[in-house]
Amino acid sequence: MPITPATATHSSSNGTVEAILLELVDEDGNTIGTAEKLAAHQPPGQLHRAFSVFLFDERGRLLLQQRALGKYHSPGVWSNTCCGHPYPGEAPFAAAARRTYEELGVSPSLLAEAGTVRYNHPDPESGLVEQEYNHLFVGMVQASLRPDAEEVGDTVFVTAAELAERHEKDPFSSWFMTVLDAARPAVRELTGPSAGW
């Protein structure tokens with residue numbers, strides 16, 4: 001696993017672990033400050049910048065990931081290819097590409113902006129809240145996956161019909177359908193009408 005700011009152990013001069021900071025934003029997506037990651041997700045939640053990635057193979061199938069059981073937020077549920085938070089001052093596009101590689105061990109062969117969506121989704125299991133201004137990205141993946149087991153429990157490529165079946169029987173992240181629906185116009189443009197998205 002590559003050592004990055006997200007995976008390295010940070011210690012300050014007094015021996016404590018440094019907090020991961022998120023970028024707080026207003027309703028228009030303008031940066032207004034920072035907050036520690038866990039604090040930003042405590043009820044009622046603080047509106048912060050996030051991103052969601054949807055990668056497809058050449059057959060128009062969406063790559064889903066099952067979040068690792070060890071994650072403190074929404075462990076074990078299925079979700080989009082990759083999601084996360086830019087560091088303060090980091091461009092969402094750069095953060096999306098970085099985290100896709102950190103989590104799945106692959107760089108997208110194509111990655112394009114697909115708009116933004118703002119939502120407020122409480123997670124009943126953890127009690128945490130997703131108050132996010134989310135930057136959406138769609139793209140293609142052609143290389144073999146090498147998932148980081150600390151981040152990803154499993155992966156699967158699904159057609160639109162297979163996703164509908166899976167969504168009825170398997171647990172998904174609280175934000176999944178919101179971000180997918182917001183990204184659908186870009187997904188359809190990428191995959192074409194025959195893929196059924």
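Is Trp197 buried or exposed? In this predicted model, Trp197 has a relative accessible area of 4%, and because buried means under 20%, Trp197 is buried.

Trp197 belongs to an aromatic pair. The model holds three aromatic pairs by the ring-centre rule. A pair of aromatic rings is described by the distance of the centres and the angle of the planes. For Phe56 and Trp197, the ring centres are 5.6 Å apart and the planes stand at 75 degrees, so this pair is edge-to-face. Phe56 comes from strand β3 (residues 48-56), whereas Trp197 sits in the segment after α4 (176-191); the pair therefore ties together parts that are 141 residues apart in sequence. Phe56 is buried as well, because its relative accessible area is 0%.

Another aromatic pair consists of Phe172 and Phe176, which is tilted, with 5.0 Å from centre to centre and 45 degrees between the planes. Both Phe172 and Phe176 are buried. An aromatic ring also takes part in a contact of another kind: the charged end of Arg166 sits over the ring of Trp78, at 4.8 Å from its centre.

The next group of residues comes from a record. An unreviewed UniProt entry lists His41, His48, His85, Glu130 and Glu132 under "binding site". These residues are spread over 92 residues of sequence, yet they cluster in space, with a largest C-alpha distance of 11.9 Å. Of the listed residues, His41, His85, Glu130 and Glu132 are included in the lining of the largest pocket.

His41 is found in helix α1, which covers residues 37-41. With a relative accessibility of 1%, His41 counts as buried. Apart from neighbours within four places in sequence, His41 is in contact with residues including His48, His85, Glu130 and Glu132, which are listed in the record too. Its contacts also include Leu22, Tyr72, His73, Leu128 and Val129.

His85 lies in a loop, the one between β6 (82-84) and α2 (92-104). Its relative accessibility is 15%, and since the limit for buried is under 20%, His85 counts as buried. Leaving aside neighbours within four places in sequence, His85 is in contact with His41, His48 and Glu132, among others. Further contacts of His85 include Leu22, Lys37, Arg49, Ala50, Phe51 and Arg98. The side chains of His85 and His48 are joined by a polar contact of 3.3 Å.

Terms used. Residues numbered from 1 in each chain as written. Predicted model: local features only at pLDDT ≥ 70, side-chain atom pairs only at ≥ 80, totals over all residues. Heavy atoms only, no water. UniProt positions renumbered as here; feature names shortened; annotations may be inferred. 1 Å grid on protein atoms, 1.4 Å probe; cavity = no way out; pocket = protein on both sides within 12 Å on 5 of 7 lines; lining within 4 Å. Helix = DSSP H or I, 4+ residues; strand = E, 2+ residues; numbered from the N terminus. Buried < 20%, exposed > 50% of the residue type's maximum accessible area, 1.4 Å probe, protein only. Contact = heavy atoms within 4.5 Å. Polar contact = N/O pair within 3.5 Å; in protein donor to acceptor, adjacent residues only side chain to side chain. Phe/Tyr/Trp six-rings, centres within 6.5 Å; stacked < 30°, edge-to-face > 60°. Lys NZ or Arg CZ within 6 Å of the ring centre and 35° of its normal.
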